[in-house]
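This briefing walks through selected features of the structure shown below, grouped by topic. Please keep the coordinates open while reading, so that each point can be checked in place.

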Number of protein chains: 2
Amino acid sequence: MKKLINAVDTVLAESLAGFCAAHADLVVLGEAGKYIRRAGLKPGKVALVSGGGAGHEPLHAGFVGHGMLDAACPGQVFTSPTPDQMLAASEAVDTGAGVLYIVKNYEGDVMNFDMAVEMASGEALSVLVHDDVAVEASTFSAGRRGVAGTLVVEKILGAAAEAGMDLPGLKALGERVVAAIRSMGVALSSCTVPAVGKPTFELGEDEMEMGVGIHGEPGRRRVKLASADAIAAEMLGTMLDDRGGAAGNEVLLLVNGFGATPAMELYLMYHAARQYLQSRGLTVVRSLVGNYVTSLDMAGCSLSLGWLDEEMLGHWDAPVHTPALRVGM
Amino acid sequence: MKKLINAVDTVLAESLAGFCAAHADLVVLGEAGKYIRRAGLKPGKVALVSGGGAGHEPLHAGFVGHGMLDAACPGQVFTSPTPDQMLAASEAVDTGAGVLYIVKNYEGDVMNFDMAVEMASGEALSVLVHDDVAVEASTFSAGRRGVAGTLVVEKILGAAAEAGMDLPGLKALGERVVAAIRSMGVALSSCTVPAVGKPTFELGEDEMEMGVGIHGEPGRRRVKLASADAIAAEMLGTMLDDRGGAAGNEVLLLVNGFGATPAMELYLMYHAARQYLQSRGLTVVRSLVGNYVTSLDMAGCSLSLGWLDEEMLGHWDAPVHTPALRVGM
């Protein structure tokens, strides 16, 4: 295993310490590293809290700040944070209007966030993200997995919360956003979990995993390496079939790198995706390209499509100031 | 070779097409892909033009926009752009106040930009960046190589040009910034040039290349994989020795990923670097962590230190709106 680390059991703590020091104008590390919260809270605003296993950086801590999350709870690599972390985070950021948890659909996360909702002293609700069309259930999830679409949910709800939307309104909007997003990924290499020390799965020199999950979970099939155009066509075709034709022809296109794929390839994939969508009669009205929901050092990417209505587009375009996403401020 | 591409000879063109489509609000692709220029020019402002071989994305095209570059000329992967490209770019963005070329110190780039300066119809000057302390000369360079410090030069000169500084003033400021920056890199894996199809160099399972260049050029020595703390200490110690003690105790710290290293490790390296600097009595007053000057799919990172004076800090903090760097707008 080749990584820039000191020891496997201090990776998370040292990385978080670096992250919070580098972005001390925006975020504060909570007691015992249980959470990362916004440096400046906004009284009366519903607090948005997310979290999950580490290894997907910048998700979630990179999206803490004005116009997005109020706090993020990092578990160890690919391991759910505990209800204790979520309650500590909620206590730190709930200014009286309640807390909405944004949860990716994995069994550990669902169980622990459900427990946090039950144990909350104030009002608390949750939104479950399950945007991955690759498989209907997986190693760690009953039902579809939550993947890169999570950042779209966090951005849109973050702007709505900033604009004063109340807790039930945010939950309802969140569920509409989840219903409007589809994602699918492909891996050219496995990730390596630091504590394990070897690749999660083995891929031949000429193979790729089509439909891979963000923890290296199996996808649909192991196939020969294909061209960018063929990969884009298969992933987008699957999403379009799933979403159905009545959804409209204007989409947000997110090309998300898994951690070890350079920008040059991500932009090439964006080009391939855009060409394919055009051939199917769709227009890309919003775009985002970069490493946003990663899988440690996995090579590969995911594509996400979002059929956003006017309200969602307004929130997507609203100012945001976080370590990993910044628009208009 | 595993890459998200269609064919080796269309990688650059397709990636640029994707890049310019994804950022159509900010940049425009020049005729025949010779350059990428700002969508909106500012009459009377000195035009800043940079460029170099592709494969270092987001450098340089990712830094085209308000407060940074006016145009970037991409060569093929790791190959200098031609004087023809530089002249076409200059013609497209020179609004009468002249052009400053920002050039990384590699023989091909230096030769071609020098030719462009000579052939320019308007006023043209250049600034040469040579911030890499690892080696005094290398495969492609006489003298020190220009590496990640280039982005610091582009940011500071971009803000100064935006504020109305004239051409001789920008050249003088640029040379002062170059003198204030030191960088050094380490590779955990080789990059693979698409047209070559195999790794540029071979590294053992337990080896790293200390002092590597951004094209995979040899560094100082091939050594056993070391801890993040030890790597930070060696790279920063070399820079501090080179810079000398009289330079002051306040520094900008840039942790730059080479393309295949995830944010989790980059922030851990930032933490290690910050701790080391503290132990040497230095304070980090500005920070940047991310993939900015990459080497295709190389795993590893570089550290850069900048001893910026008040004027430079003001320009570093000024608003910027480019595809890869955005502050305050």
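Predicted model: local features only at pLDDT ≥ 70, side-chain atom pairs only at ≥ 80, totals over all residues.

In chain A, Leu296(A) is found in the loop between β11 (283-290) and β12 (300-306), and this residue has a positive phi of about 55° although it is not a glycine.

**Backbone geometry**

- Leu296(A) counts as buried because it has 26 C-beta neighbours inside 10 Å, where 20 or more are needed for that class.
- In chain B, a positive phi near 55° is found at Phe78(B), which is likewise a residue other than glycine, and Phe78(B) lies in the loop between β4 and α2 (83-93) of that chain.
- Phe78(B) is classed as buried because 24 other C-beta atoms lie within 10 Å.
- The peptide bond that joins Glu57(A) and Pro58(A) is cis, with an omega of about 10°, and Pro58(A) has its place in the loop between β3 (47-54) and β4 (71-77) of chain A.
- A cis peptide bond also leads from Leu59(B) to His60(B), with omega near -5°, and His60(B) lies in the loop between β3 (47-54) and β4 (71-77) of chain B.

**Strand β7 of chain B**

- Strand β7 of chain B, which covers residues 181-187, is mostly covered, since 7 of its 7 residues are buried.
- In a regular strand the side chains alternate between the two faces of the sheet.
- Along β7(B), Ile181(B), Ser183(B), Gly185(B) and Ala187(B) point one way, whereas Arg182(B), Met184(B) and Val186(B) point the other way, and all of these residues are buried.
- β7(B) pairs with strand β12 (residues 300-306) of chain B in the antiparallel sense over 7 bridges, and within β12(B) the bridge partner of Ala187(B) is Gly300(B).
- β7(B) is also joined by 2 bridges to strand β8 (residues 207-210) of chain B, again running antiparallel, and in β8(B) the bridge partner of Ala187(B) is Glu209(B).

**Domains of chain A**

- Chain A is divided into domain 1, made up of 8-179 + 317-327, and domain 2, which spans 181-313, and 22 Å separate the centres of these two domains when taken over C-alpha atoms.
- Between the domains of chain A, 29 residues of domain 1 are in contact with 31 residues of domain 2.
- On the side of domain 1 of chain A that touches domain 2, α4 (149-162) and α5 (167-179) each supply at least two residues, and α4(A) gives the most, with 5 residues.
- By class, the residues on this side of domain 1 of chain A divide into 18 nonpolar, 6 polar and 5 charged.

**Contact between chains A and B**

- Across the two chains, 47 residues of chain B are in contact with 47 residues of chain A.
- On the side of chain B that touches chain A, at least two residues each are supplied by α1 (11-22), α6 (228-243), α7 (263-279) and β11 (283-290) of chain B, and the largest share, 9 residues, comes from α7(B).
- The side of chain B that touches chain A has 26 nonpolar, 12 polar and 9 charged residues.

Methods:
Residues numbered from 1 in each chain as written. Chains lettered and ligands numbered in written order. Domains from an automatic or database assignment. Contact = placed C-beta atoms within 7 Å. Helix = DSSP H or I, 4+ residues; strand = E, 2+ residues; numbered from the N terminus. Nonpolar A, V, L, I, M, F, W, Y, C, P; charged D, E, K, R; others polar. Buried ≥ 20, exposed ≤ 12 C-beta atoms within 10 Å, placed from the backbone. Pairing = 2+ DSSP bridges.
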